Amino acid sequence: MTSSTFATARHAQLFDDLLSLFLTEGFTHLTLDTIAARLKCSKSTLYNLAPSKDELVRATTIGFFRRATRDVEAAVEASDGPREQITVYLAAVGRALSGASPQWLADVAAFPPAHEAYEQNTRIAADRVKELIDAGVAAGCFRDVHAAFAADLAATTMVRIQQGAVRDATGLADADAYRELAAILTAGISA
């Protein structure tokens, strides 16, 4: 193993550990000193990942959504047919977010660079749901619906699920709420 390979592997492991720490505990209350101590590294090692705590949080948030997108799309690719793809897509989004603590979600909502990444990811998810609906309409599996409206409805509900509002209002766990959303959405647009 070359030293650059070791450094890359070490940075990847630190990133994974940092993401795990943030998802579990949030990040606003953590200082760089605390993060370095918890990850058993130096602050200079953290500065190799990002030039500031804010950039570290932003990069970690973006990394979380990239991984989630990769996992969600892999699940969709393994599914068959528009109805199943939408159901699998929404369920996979729920699974991806199930590891995020309420504190992380609150911190993301309160920290503009992380919140921006979250909002961008939600827009991408809405666009993806629209693509899946359009494909289903074209294949004759769904009635001719206004796909952008249906996707916006799904995205709005996804945000409410992620913020805990659906859980508070209904008592549904997030994964169950995503399944219900998929069932209602696909039943409402079925041909």
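I call a residue buried when its relative accessible area is under 20%, exposed when over 50% and partly exposed in between, using a 1.4 Å probe and protein chains only.

Before looking, I noted that this is a predicted model, where local features need pLDDT of at least 70, side-chain atom pairs count only at pLDDT 80 or more, and totals for chains, interfaces and linings use all residues. Residues are numbered from 1 along each chain as its sequence is written, and side-chain values use heavy atoms, with hydrogens and water left out.

**Entry: F65.** I looked up F65 and found a relative accessible area of 6%, so F65 is buried.

**Entry: aromatic pairs.** I pair rings of Phe, Tyr and Trp (its six-membered ring) if their centres lie within 6.5 Å; planes under 30 degrees apart are stacked, over 60 edge-to-face and the rest tilted. That rule gave me six aromatic pairs. F65 and W104 have ring centres 6.3 Å apart and planes at 50°, so I logged the pair as tilted. F65 sits in helix α4 (residues 53-77) and W104 in helix α6 (residues 102-110), 39 residues apart; helices are DSSP runs of H or I, at least four residues, numbered from the N terminus. Both residues, F65 and W104, are buried.

Next I checked F65 with Y118: the centres are 5.9 Å apart and the planes at 70°, so this pair is edge-to-face. Y118 is in helix α7 (residues 112-138), so its pairing with F65 in helix α4 ties together parts 53 residues apart in sequence. Y118 has 6% relative accessibility, so Y118 is buried as well.

**Entry: the cluster.** I found F64, F65, W104 and Y118 in one aromatic cluster.

Definitions and conventions:
Helix = DSSP H or I, 4+ residues; strand = E, 2+ residues; numbered from the N terminus.
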